[in-house]
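Have your viewer open and follow along.

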Amino acid sequence: MNKENLPRIVGFLCTWCSYTGADLAGTSRMKIPPTIKVIRVMCSGRIDPLFVLKAYLRGADGIMMMGCHPGDCHYQKGNYNARRRYVMLQSIFKTLGLDEDRISLWWVSASEAPRYAQVTNEFSEKIKQMGSNPLREEIFL
Amino acid sequence: MPKALKINKSVDEGIKELLEFLIQNEKIKGVFTLKKMNDEGAVSYSLITDLDELKEAVPLYPFMPVNAGKVLSAFSLQAATKERVAAVLRPCELRAFVELVKRVQGSLENILLISLTCGGVYTLKSLNNGNLAKQLPQYWEAVKKAEIDPDIRVTCRSCENFIPHLADMTVAAVGKKDIDNECVILLNSQKGEDFALNAPGSAITEEMETADTEKLKKLRVEQKEKLFDDFDKNGVGTKAFIKTFAACLGCHACSHACPICFCTLCDFDSKSCEYQPLSFVSELSQKGGLKVPPGNIFFHLGRMTHMAVSCISCGMCSDVCPVNIPVATVFTRVGDSLQKVLDYIPGRDVEEAVPSGTYKEEEFAEVGEQ
């Protein structure tokens with residue numbers, strides 16, 4: 001496949017669950033799409049909406065926020081905060097008619113390597129269908 | 001039915017008489033209110049302790065030079081004010097103040113909150129258009145009839161929260177045909193009643209919400225729906241959003257005027273959002289051009305994630321925008337949808353937590369589980 005046509009997805013993974021899960025998927029030799037660029041954060045609660053916005057405005061085709069399942073957060077409540085921020089971000093995007101589908105949140109635990117492989121593949125496929133982020137061509141932001 | 005005070009003077013004089021009484025009887029040390037600054041109609045929020053200076057006060061003047069919530073927070077920031085102060089402010093300013101108190105940026109203690117059923121305010125630009133002498137009677141005529149003055153701020157025209165939530169006293173203005181001769185001040189709380197003890201005027205009972213306020217509310221809701229419909233038709237989509245903010249200078253006046261934007265060091269003024277020479281180079285290497293100064297869209301979207309959920313739709317941001325971007329319309333629209341999603345009304349209750357700083361375990365259970 002032409003490298004230019006591959007979607008570019010930024011993933012923010014919490015270090016305790018999702019990053020470990022991703023690691024396990026790798027060591028288990030599961031097929032993971034080459035489209036996702038992982039940024040490790042200490043907790044999904046650390047994902048400032050501004051990170052997501054910046055990635056989106058700089059032309060990322062998709063953004064995946066990942067964290068521990070509700071109730072399993074290493075810091076007790078970080079993922080609950082992340083969930084609210086995600087919902088608020090989605091609401092803002094919907095109201096303004098921006099591409100809210102390019103931003104997603106997933107709970108992936110440290111043992112859920114198959115789930116990690118599945119959601120990244122699915123999301124990557126979905127973004128491929130959607131085409132590239134129109135903001136990538138937009139110069140004057 | 002709440003108790004009320006009826007003073008047989010015009011509303012402007014009546015409220016001043018009450019303030020004078022409060023100062024004279026040492027119930028309060030001073031008043032925080034609008035004061036005339038010159039004969040052309042310029043006003044400024046002022047703290048007044050001197051009775052002579054109080055004569056120059058214009059508490060109900062339909063201008064908002066700065067959102068009073070922001071100023072009240074500034075002088076009750078560290079602790080409650082040492083001396084008791086009465087503050088006359090509009091419902092949206094009161095809501096802004098409550099939002100700031102929730103964010104530990106002020107204290108409600110020792111402040112007697114006097115508000116009014118609000119007919120809106122004019123844009124600050126109309127101070128210079130020379131029409132003021134003509135406009136003011138038109139404004140009060142509209143207030144008496146419980147109608148919308150077409151010249152008030154866009155956000156005021158579509159504001160349905162013109163009845164204050166948490167005021168101790170409320171000056172009844174909307175729909176009061178006789179405001180030139182009588183001033184009705186509702187006492188909404190025990191604190192309000194205590195302060196009004198032995199005050200001039202006669203005690204009556206009066207409803208806060210009347211047929212007239214209902215009528216105005218209906219008109220305002222209609223305007224709001226129209227405003228939102230227009231926005232949803234024309235302002236939606238990436239292209240439209242960029243177009244709306246195309247003229248933005250990046251002066252950040254909207255955030256400086258915003259009562260909810262309280263951060264001493266704004267993220268967008270900080271080093272983290274500063275463009276280093278190398279950032280220009282790296283962005284230019286990917287794109288064929290770059291807006292300078294960059295990052296205006298990021299600023300507006302980012303500010304939205306920070307404060308839109310608490311947006312009280314006062315309209316200061318649109319008013320101070322030097323290039324007339326309808327900032328307040330966009331933020332009101334986004335704020336409204338956020339507030340619906342999170343079931344939140346800014347400034348309704350001091351005890352209610354700010355939505356961006358709290359969560360419920362059981363909410364949005366479907367998110368992230370697909």
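Which strands of chain A does helix α2 of chain A lie across? Helix α2, residues 49–57, lies across β1, β3 and β4 of chain A, and its direction makes an angle of about 155° with β3(A). Please keep in mind that this is a predicted model.

Let us stay with chain A and look at the sheet itself. Four strands make up an open sheet with parallel pairing, and their order is β2-β1-β3-β4. At the edges you will find β2 (36–41) and β4 (103–107) of chain A, each of which pairs on one side only. On average, neighbouring strands here are turned by 20° against each other, direction ignored. To see one pairing in detail, pick strand β3 (residues 62–67) of chain A: five bridges link β3(A) to β4(A) in the parallel sense. Within that part of the sheet, A:M66 has A:W106 in β4(A) as its bridge partner. Another helix to find is α1 of chain A (residues 18–27), lying across β1 (9–14), β2 and β3 of chain A at about 110° to β1(A).

Now turn to chain B. Here an open sheet has eight strands with mixed pairing, in the order β3-β2-β4-β5-β6-β7-β1-β8. Strands β3 (43–48) and β8 (202–205) of chain B are at the edges and have a single partner strand each, so one side of each is left without a neighbour in the sheet. If you select B:I114, its bridge partner in β6(B) is B:M169.

Helix α1 (residues 11–24) of chain B lies across β1, β2, β3, β4, β5, β6 and β7 of chain B, at about 50° to β7(B). Helix α3 (residues 68–75) of chain B lies across β2, β3, β4 and β5 of chain B, and runs at about 140° to β2(B).

Two spots in the backbone of chain B deserve a look. Most residues other than glycine have a negative phi, and most peptide bonds are trans. B:E26, in the loop between α1 and β2 of chain B, has a positive phi near 55°. The peptide bond from B:V292 to B:P293 is cis, with omega near -5°, and B:P293 lies in the loop between α11 (277–286) and α12 of chain B.

Finally, bring the chains together. Contacts link 48 residues of chain B with 35 residues of chain A. About 3900 Å² is buried between chain B and chain A, with carbon and sulfur atoms giving 63% of that area. On the chain B side, B:K287, B:F298 and B:Y359 lose the most area to chain A, together 16% of what that side buries.

How many salt bridges are counted between chain B and chain A? There are two, and the side chains of B:E283 and A:R58 meet in a salt bridge at 2.8 Å, N to O. Residue pairs in polar contact between chain B and chain A number 11. Helix α12(B) gives the most to the side of chain B that touches chain A, contributing eight residues. By class, that side has 23 nonpolar, 15 polar and 10 charged residues.

Definitions and conventions
Residues are numbered from 1 along each chain as its sequence is written. Chains are lettered from A and ligands numbered from 1 in the order in which they are written. This is a predicted model: local features need pLDDT of at least 70, side-chain atom pairs count only at pLDDT 80 or more; totals for chains, interfaces and linings use all residues. Side-chain values use heavy atoms; hydrogens and water are left out. Two strands pair if DSSP finds at least two bridges between them. Contact means heavy atoms within 4.5 Å. Axes are lines fitted to C-alpha atoms, for helices over the stretch in contact, and angles run from 0 to 180 degrees between N-to-C directions. Buried area is the accessible area (1.4 Å probe) that two parts lose on being put together, summed over both. A salt bridge is a side-chain nitrogen of Lys or Arg within 4 Å of a carboxyl oxygen of Asp or Glu. A polar contact is a pair of N or O atoms within 3.5 Å; within protein, one must be able to donate a hydrogen and the other to accept it, and residues adjacent in sequence count only if both atoms are side-chain atoms. Ala, Val, Leu, Ile, Met, Phe, Trp, Tyr, Cys and Pro count as nonpolar, Asp, Glu, Lys and Arg as charged, and the others, Gly among them, as polar.
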